[in-house]
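Me: I'd like to learn how to read the features of a model like this one. Could you take me through it?

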Amino acid sequence: VPHMGWNTVRPPEGSTLFAGIENERFYFVHSYGVQEWTFDQNNEAMLPLQVTWANHGGDFIAAVENGPLAATQFHPEKSGEAGIRLLKNWITSLPVTGRLDGAK
């Protein structure tokens, strides 16, 4: 079902991406969506996945988080202040591994 427009999401408790913006709306443009989620996590070193849901004619996955890896079905760059905050939340969650200028 084509989905173009603003929609709320249901992030899991403790979401890093949606900290402080749990009740905001985000801009979606898509015509497909994952409606079921099963994941057999057999790697003990892997962090537990956090799945955020939205609804448009049925529930679908709006975002997935796993440590520094994050993916969204919506467009943060088109989602105004909420999208800016989401991107800041993600950037500040990344581990610092070195300087950008290559200096040691």
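Reply: Gladly, starting with the sheet. An open sheet of 3 strands runs in the order β3-β4-β5, with antiparallel pairing. Strands are DSSP runs (E, at least two residues), numbered from the N terminus, and two of them pair if DSSP finds at least two bridges between them. Its edge strands are β3 and β5, each pairing on one side only. From one strand to the next, the twist averages 25 degrees, with axes as lines fitted to C-alpha atoms and angles from 0 to 180 degrees between N-to-C directions.

Me: What should I keep in mind about the model itself?

Reply: This is a predicted model, where local features need pLDDT of at least 70 and side-chain atom pairs count only at pLDDT 80 or more, while totals for chains, interfaces and linings use all residues. Residues are numbered from 1 along each chain as its sequence is written, and side-chain values use heavy atoms, leaving out hydrogens and water.

Me: How many bridges join β3 and β4?

Reply: Strand β3 (residues 50-55) and β4 pair over 6 bridges in the antiparallel sense. Gln50 stands opposite Glu65 in β4, and Trp53 has Ile61 in β4 as its bridge partner. In their hairpin, with 3 residues between the strands, Gly57 takes a positive phi near 75 degrees.

Me: And what does β4 do with β5?

Reply: β4 and β5 (residues 69-72) pair in the antiparallel sense over 4 bridges. Here the bridge partner of Glu65 is Ala70 in β5. The hairpin of β4 and β5 has 2 residues between the strands, and Gly67 there takes a positive phi near 60 degrees.

Me: Is β4 (residues 59-66) mostly covered or mostly open?

Reply: Mostly covered: 6 of the 8 residues in β4 are buried. Buried means under 20% relative accessible area, exposed over 50%, and partly exposed in between (1.4 Å probe, protein chains only).

Me: How do I read aromatic pairs?

Reply: A pair of aromatic rings is described by the distance of the centres and the angle of the planes. Rings of Phe, Tyr and Trp (its six-membered ring) pair if their centres lie within 6.5 Å; planes under 30 degrees apart are stacked, over 60 edge-to-face, and the rest tilted. The structure holds 6 such pairs. Trp6 and Tyr27 form an edge-to-face pair, 5.5 Å centre to centre with 65 degrees between the planes. That pair links distant parts of the chain, Trp6 in β1 (residues 3-8) and Tyr27 in β2, 21 residues apart.
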